[in-house]
Amino acid sequence: MYGFIDFTLLNVLAGSTLLCAVAALVGTFALLRREALLGDALAHAALPGICLAYMIVGDKSLPALLAGALATALTAAACHRFILWASPLKEDAALGISLSVFYGSGIVLLTKIQGLGFGTQAGLKSFLFGSAATMLPSDVKFLVALALVVAVLLGLFFKELKLAIFDPEFATTQGYPVRMLDVLLTMLLAGVIVAGLRIAGVVLMVAATIVPPAAARQWSDRLGIVLLLAALLGGVSGALGAYASAVSPWLKTGPAIVVVGSMLFLLSVLCSPRRGVLARWLRERHTRLRIEEDHLLRDLYLVCEERGDFAAVVGFVDLLGMRGLTPGQLRRVAHRLISRGLLRSEPDGLRLTDRGIRAAQRVVIRHRLWETFLSKQLNLPSDHLHRDAEEMEHVIDDALLRDLQEQLGYPTTDPHGRRIPKETDQ
Amino acid sequence: MSQRRTAATTAAIEVHDLTVSYGAKPVLWDVDVLIPAGQIVAIVGPNGAGKSTLLKAIVGLVRPLTGWIKVFDAPFEQRRAWVAYVPQRESVDWDFPTDALDVVMMGLYGQIGWFRRPSREHRQRALQCLEQLGIAHLAQRQISQLSGGQQQRVFLARALAQNPKLYLLDEPFAGVDAATEDTIFRILRQLRDQGRTVVVVHHDLQTVADRFDYVVLLNLRLIAAGPVEEAFTAENLQRTYGGRLTALAYAAETLLRRDVARESQR
Amino acid sequence: MIVEEFYLLLVAATVAANCALIGSLLLLRKMVLLGDALSHAMLPGIVVAFAITGSLESAGVLLGASIFGLLAVALIERLAHTRLLEQDAAIGVVFTGLFALGVLGVSYYRSVDLDLDCILFGNIELTPFDLVHWGGLTLGPRAFWVNAATLAGNALLTTLLFKELKVSAFDPEFAHAQGLRPRLLHYLVMIAAAMTCVAAFSSVGAILVVAMLAVPPAAAYLWSRSMARMVVWSVLLGAAIGLVGYPVAYAINCSVAGAIALVSGICLVFAITLAPDRGLLARWWAWRQARLRTHALLLLTHLPSRPPGVALTELRQRLGLSERVFEAAVRYVQQHGLAERHHGRLIATEAAGRELADLPLDPSAQRADEREQAQR
């Protein structure tokens, strides 16, 4: 008994994982072609084909229904292309039209089937909503075959497809059959969607082709990696979704998969290291803190420089006056610098430690060097230098510093006549 | 040459410390320029030098990272009615269901105000503007059926309809036939002689010397600006198109890559 | 029965006109698929409302759906704004995610009989039986009033802000420079679309909404030369399709929504082939005429204007045209008085000289505007 349940679960798990991974693969290409929603139209356009096949064949034989679905889905894709070619209508309108008209005719056929007494059409409708829980071993075998075909085709034509998507005109001049590649991609997309409909349903199949690729796109800019990641994320959402629905029965497999996929997408958008929302926020915060710290260090340095004593204790009131900081802000910045050992807190103010002096020098060097660069190389008037240098002092790295010094001939004073310190100075 | 006004007293546009970036890519770097009123001004520079961005920043289409811009001594928002902006021709969908006259009338929408509809006089005005450009006979024509030159004329007619003091034209001569270019320049000169200011983003260096009064040379930062005779020199051109900007460009990218802060705050 | 049929027609026409109106605004903004997305994205709103009120007929359902419609709009805009993905992908991600949540909600409440089919396909056939009563009077189907109200709102929005909507769809940068707030208008259109979808979708189902959002505006777009005409034609065509749909459905005995979608598809085929200016036939004909004229002008350049002219066979060999094309060109120049035939030989007329002067063959003969006209 337990063995049987495990076996069913294993079927569902394997099937969902495979299906979602394959859908993510073909979906990635659709996403990069900026046709993410083509799958939506294809999935809806399967309905009339299913009905027609049923009316012609007379029973719900799987191959016939699949063939019918594929046929009308591809017809819809052809209609979409035709509308784009034959009229000034744009992508979105063409998709909306093929989607609604094909689906509408499917509904007409569905009601005809009912009316003509072909028997129940319930089985046909489940084709559209999907029922992954009833996945059979034969389905899994079919999906394995499908995955193999898709993977082999995409692998074989990888570089051609990449070129055809990125720059179709160049690809044409190079003699690649761009149109055939386009047809190939559309056929693969239609094939995978139609194959998955019965298992995942229309909307959920659309999600499987859009969501994992959109998530994977956040992590990499290289097609190969995006593809692998999309397949991986798709597979993971398929497996997790199927597992979740096996654990709690009211969670239907298809929607559960999509919800897992959406969560992975959200995670990607938030957490991707370079483009992610969170990463941006952290970088922004880090920069802000760095700038505050650098400014305080430089302010201290300037006061000390004026007094000719870098070990001097600078009063809080002097520091507050320099940038209009509030006492709270000053305390927070100073606290961070103290904890990093760059400042020491004295009863009547702050003092730079040795390390602090070196850190402050770094900032001052960069500030004054940049002012010199702007003034000498770009001929900017002297009243423009400070504000710009105020920003640049935080971001000039060692390479750029050396480059600047070399270009400027290792200057010792800035345009305002102040000394540019050396890193080793005390 | 004799018609050219010498040293205009007022500045049409005052750009101060302007820095703009698209994402992490710096487009304009600390640009500081005065554009005098009553002249035909060319903004010249290589591709990606930030010419169009400067115009967009003037009309508030891109937000600067730093700096400010004044138009006739006031922020753009207060001078909207004085400014006509002519975007690049490719920036709109020419399949849009409308005719040439209607596009020209759009130039009056700002003056007509919210909710109100254009009147007969507005139609008349728009027609006159089309006439000035010699395409009144195309008034009822669907815009997708106009040639490139005619589309550009429609855009200029729309700017004329606004009756502004300042014209900002973004690459008006791209993909345009010689006849249209002549017509447009003729009209620009008329406008200048009426005391209007015309700023043109331009890419054809051949025509700068005899068709413009004032030139702004731009490549990421301001290279030079001044009357054509003074600023449009071989040396400045060399600095614009071949000058050594590597350190600045590198610095700019470093800065903006790390400093996405203010960009995303906006 | 007659009354019910009348009600059904009324609802179909109102819904179709309403969707067609907002659809034309969406089409000009290239956002037709937003309708499809919205009709799916509001499912969780319906489920939540059902969970709270326990019925599908309450105003709470409308409210819940609107909230989730607006949420979807906001999410899509937000996602597209980060530039992390294209707008269509953002639409796809948002609506499938929300829909999946909705389906899970439905299966959670399965015990309370929330029929997914009924929500998804709506049921225009049932609308005549859901009537509004007021003080003993029957005021017609509720769906009619809901959709008529949103139609009124949309019509008001479109008439009051027509020129602003037009310029912000055509040239948003220019609109912005003129102080016409294109972003605000964009949001207004999206919100109106969300409200329209809620109203239409809850009474007639998703598929009809998408069909009416996409097809009548597309047909009107092909057919009209101005946006005002496009909007009016779109609304009229939408209403007409709505009215025709029911008799068709009755005749072939199928669902009304399906029949309406089918009829609209047929309308679109007509529009694409027959539309003036932008239709396939019109463009093919214009192309043929242009080619014929080019051949004729080419022929004229080889034609002497003095007797004895040139023999036709010789001319044809010189031009290297096929017989059929050559004969058409000869007919063309004769019909337009550009050449005359004397004893089997062709001589150019004075008119031909003028015609050729307009061509950019000789730089001295160029005059700007005439040249442009000749190019057209």
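**Close-up views of a predicted three-chain model**

**View 1. Arg341(C) stands opposite Leu346(C) in S5(C).** This is a predicted model, in which local features need pLDDT of at least 70 and side-chain atom pairs count only at pLDDT 80 or more, while totals for chains, interfaces and linings use all residues. Residues are numbered from 1 along each chain as its sequence is written, and chains are lettered from A and ligands numbered from 1 in the order in which they are written. Helices (H or I, at least four residues) and strands (E, at least two) are DSSP runs, numbered from the N terminus; two strands pair if DSSP finds at least two bridges between them. Here S4(C) is joined by 4 bridges to S5(C), residues 345-348, and the two run antiparallel. They belong to an open sheet of 3 strands in chain C, ordered S3-S5-S4 with antiparallel pairing. Strand S3 (310-311) and strand S4 (339-342) of chain C are at the edges with a single partner strand each, so one side of each has no neighbour in the sheet.

**View 2. A hairpin in chain C is built from S1(C) and S2(C).** Follow S1 (residues 131-134) into S2 (residues 137-141) of chain C, and you will find an antiparallel pair held over 3 bridges. Trp134(C) faces Leu137(C) in S2(C) across the pair. There are 2 residues between the strands, and Gly135(C) in the turn has a positive phi of about 55°.

View 3. Two residues are in contact if their C-beta atoms, placed from the backbone, lie within 7 Å.

**View 4. Chain B brings 29 residues into contact with 27 residues of chain C.**

**View 5. Helix H1 (residues 51-58) of chain B is mostly covered, with 7 of its 8 residues buried.** A residue is buried if 20 or more other C-beta atoms, placed from the backbone, lie within 10 Å of its own, exposed if 12 or fewer, and partly exposed in between. The buried residues of H1(B) are Lys51(B), Thr53(B), Leu54(B), Leu55(B), Lys56(B), Ala57(B) and Ile58(B). Just past the helix, Gly60(B) has a positive phi of about 75°. Leaving aside neighbours within four places in sequence, Leu168(B) contacts Leu55(B) and Ile58(B), together with Val59(B), Val83(B), Ala84(B), Tyr85(B), Val86(B) and Val199(B).

**View 6. Ala73(A) and Leu168(B) touch the most other members of the largest nonpolar core, which has 298 residues.** A nonpolar core is a set of buried Ala, Val, Leu, Ile, Met, Phe, Trp, Tyr and Cys residues joined through C-beta atoms within 7 Å. Helix H1 (residues 2-28) of chain C provides the largest share of this core, 17 residues. Another core, apart from it, has 31 residues, among them Val314(A), Ala359(A), Leu385(A) and Ile420(A).

**View 7. Gly106(A) lies in helix H4 (residues 91-115) of chain A.** Gly106(A) counts as buried because it has 27 C-beta neighbours inside 10 Å. Not counting residues up to four places away in sequence, Gly106(A) touches Leu47(A), Pro48(A) and Cys51(A).

**View 8. Residues 1-8 of chain B keep a pLDDT under 50.** pLDDT is the predictor's confidence in each residue, from 0 to 100. The model has 8 contacts beyond four places in sequence for residues 1-8 of chain B. Residues 258-266 of chain B also have a pLDDT below 50, with 18 contacts beyond near neighbours in sequence. Where pLDDT is low, the predicted coordinates should not be read in detail. Chain B averages a pLDDT of 83, and 86% of the residues score at least 70.
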